[in-house]
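Here's a quick briefing to read alongside the model. Keep the structure open while you go through the points.

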Amino acid sequence: MSKAQAEEFKAAGNAALQSGKLTEAIENYTKAINTDGTNHVYYSNRSAAYLKKGDANNALEDANSTIAIDPNFAKGYSRKGAALHALKRYNDAIAAFEEGLAKFPADASLKKGLEDVKRDRDGPPPGSSRHTGGMAGLFGDNLIQQIMLNPKTRPYLSDADFMAKIRRLQTNPNSLAEIISDPRIMEVLGLSLGMPGGDQSSDDEGPNFNTNNKQESTVAKTSGEAPATQKEKSVPMEEEKTEEEDLSELTPEEKKKKEDQKEAAKVKERGNDLYKNKKFEEAISAYNEAINLDPTNMTFHNNKAAVYFSTKQYDKCILACREAVEVGKANRAPFEERAKALVRCAKAYQKQGDLGKAIECCQEAQLEFYDKATERMMKNWELEKKKADAAAYLDDDKAEEAKQRGNEAFRNKDWGEAVREYEEAVKRSPNNAPIRNNLAAALCKIMDFNGAKMHIEKAVEIDPKYVKAWARKGDIEVLTKENHKAVESYKRGLEIEPTNTACKDGLRKVTSLINYGNSTMTDEEKMERARHGMADPEIQAILQDPVIQQILRDFNENPQAANQALTDPVIRSKIEKLIASGVVQTA
């Protein structure tokens with residue numbers, strides 16, 4: 001499928017979106033993406049459709065894809081900010097709008113979005129008072145008393161910085177996301193929720209610091225984020241006091257197994273402490289000791305992989321992750337834990353520059369346990385890989401060889417083969433204007449005028465002084481009955497090379513065609529031609545110009561004033577375009 005077909009899907013999506021047919025719009029944008037996944041506009045439009053439908057999560061994913069493909073597209077940041085705003089992730093939304101404004105300080109959409117999200121963030125939650133209900137209830141007046149009664153948190157009350165953060169939370173609970181990185185705030189949040197010892201989040205690249213000697217689940221617990229985006233807090237969890245298990249009724253083998261598991265958990269904790277102190281070799285030894293004591297627990301392998309990742313030993317990290325997954329599957333470890341090992345394996349491959357295997361690991365992880373953060377990461381890598389593959393394919397010499405084969409096929413009137421060879425040449429050298437000019441000519445032979453138009457417009461964009469491309473552009477516009485555009489294209493070519501035969505002949509023919517058409521067309525044909533012209537955004541813009549509207553009235557009411565206005569070359573050019581498009585009829 002060609003890029004022209006992708007543009008058709010996009011146009012259908014735009015029409016459906018304007019009509020309020022959101023599902024149909026999303027389907028068409030998806031088809032456009034499947035046809036040409038490198039066009040950022042398709043992701044941007046689908047993001048808008050998702051958001052309008054109320055699906056802010058998918059809108060955010062498409063906004064991130066838009067920015068990943070083209071970081072210099074202002075609307076991508078607007079889409080991202082709007083999606084985050086809809087998800088009530090106010091601070092993230094503000095960051096997205098501010099990132100966009102740093103690149104596009106004059107963009108009105110970004111400014112308006114930033115104002116809206118700040119207003120919603122700083123205003124009180126609708127239907128609730130300052131200190132009652134929801135998140136605000138966690139930081140009510142009794143919080144200071146709770147902190148004071150807890151021996152571990154009582155010393156925090158003498159810290160002015162800590163107290164300032166608490167007062168800020170009591171005034172504006174939405175500011176939690178900005179200060180949650182303070183371990184003391186995490187601990188107080190846990191205290192307020194009735195959790196012993198506060199909260200402890202897992203690190204995507206660090207060992208699992210849980211003290212439970214069963215298979216530990218490491219899903220992140222803060223900020224609603226997934227494990228792949230969490231950062232580890234280095235505050236150890238308090239040890240829970242558990243009753244001593246009765247081993248008297250177990251066989252000697254079962255008793256030894258239980259004792260080994262307990263010992264393995266202790267050794268793992270020692271490894272965690274060594275890791276936190278950056279004693280990586282000793283940590284590896286501790287985790288190996290834990291594995292020898294309890295070979296059924298995948299966490300020890302996973303922690304060992306984290307150490308290898310931190311020390312950039314990616315081959316060893318990958319091996320340890322694979323071992324962790326095998327042990328996890330054999331001993332029915334939680335799906336989340338197995339997915340986490342596979343995601344770390346993917347990141348190790350990505351660090352090595354092997355995006356293909358990184359994507360495969362992400363796909364495996366998603367089969368174990370679906371996670372949106374992993375999905376977004378995988379999509380971004382897929383886009384990176386597509387760009388890298390395209391860049392690796394570039395070769396000017398091979399492009400020239402393909403062009404010559406295309407020329408030979410064109411001379412032999414083998415249009416299909418010519419198109420294939422020219423398309424291959426474009427892939428090898430996408431910024432070569434003559435190749436795109438040849439491809440446009442071949443596409444016209446197979447009646448693919450939309451595709452031809454796309455490539456010839458790209459050719460004149462690459463090289464605005466390439467006269468052959470302007471002549472070809474005019475020829476294509478005549479074929480698509482856009483005579484007013486053809487006139488302009490031929491004139492652009494003649495501005496560069498006044499003696500160019502192709503442009504002079506083309507201008508003469510299209511002018512004759514316009515005049516002949518006016519005298520021989522039926523009224524119905526003239527109306528159809530005018531409707532076709534009215535579909536052009538440029539013609540619509542000219543007709544909306546108040547000066548042009550007045551001149552058109554003057555042709556009937558005050559011809560002398562109208563003729564006087566035509567002495568202005570800009571006005572004359574616009575009126576000529578209206579006549580050439582058939583919107584304005586002449587006697």
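Predicted model: local features only at pLDDT ≥ 70, side-chain atom pairs only at ≥ 80, totals over all residues.

In it, helix α14 has 12 of its 13 residues buried, and helix α21 has 11 of its 13 buried. The structure holds 30 salt bridges, and a few of them are picked out below.

**Helix α14**

- Helix α14 runs over residues 298–310, and its 13 residues reach 19 Å from first C-alpha to last, close to the 18 Å expected at 1.5 Å a residue.
- Going along the helix, the buried residues are M298, T299, F300, H301, N302, N303, K304, A305, A306, V307, Y308 and F309.
- For neighbours, look at α12 (252–276), α13 (280–293), α15 (314–330) and α16 (335–351), which the buried residues of α14 pack against.
- At the N-terminal end, N297 does the capping, with a side-chain oxygen 2.9 Å from the backbone nitrogen of T299.
- Just past the other end of α14 comes K312, with a positive phi of about 65 degrees.

**Helix α21**

- Helix α21 covers residues 433–445; these 13 residues span 19 Å between the first and last C-alpha, close to the 18 Å expected at 1.5 Å a residue.
- With 11 of those 13 residues buried, α21 is largely enclosed by the rest of the structure.
- The buried set is A433, I435, R436, N437, N438, L439, A440, A441, A442, L443 and C444.
- Their cover includes α19, α20, α22 and α23.
- N432 is the N-terminal cap here: one of its side-chain oxygens sits 3.2 Å from the backbone nitrogen of I435.
- After α21 you'll find M447, whose phi is positive, near 70 degrees.

- E61 belongs to helix α4 (residues 56–69).
- This glutamate counts as buried because its relative accessibility is 4%, and the cut-off for buried is under 20%.
- Leaving out residues up to four places away in sequence, E61 touches K372, E375, R376 and K379.
- With K379, the side chain of E61 makes a polar contact of 3.3 Å.

**Salt bridge between R405 and E421**

- R405 and E421 meet through their side chains in a salt bridge, at 3.0 Å from N to O.
- The pair links distant parts of the chain, 16 residues apart: R405 is in helix α19 (residues 396–411) and E421 in helix α20 (residues 415–428).
- R405 is partly exposed at 40% relative accessibility, whereas E421 is buried at 13%.

**Salt bridges around E482**

- E482 pairs with K453 in a salt bridge whose closest N and O atoms are 3.1 Å apart.
- E482 lies in the loop between α23 (467–479) and α24 (483–496) while K453 is in helix α22 (residues 449–462), so this bridge ties together parts 29 residues apart in sequence.
- Both ends count as buried, with relative accessibility at 12% for E482 and 18% for K453.
- E482 also forms a salt bridge with K485, where the closest N and O atoms are 3.6 Å apart.
- K485 and E482 are both buried.

Methods. Residues numbered from 1 in each chain as written. Heavy atoms only, no water. Helix = DSSP H or I, 4+ residues; strand = E, 2+ residues; numbered from the N terminus. Expected span 1.5 Å × (residues − 1). Buried < 20%, exposed > 50% of the residue type's maximum accessible area, 1.4 Å probe, protein only. Contact = heavy atoms within 4.5 Å. Polar contact = N/O pair within 3.5 Å; in protein donor to acceptor, adjacent residues only side chain to side chain. Salt bridge = Lys/Arg side-chain N within 4 Å of Asp/Glu carboxyl O.
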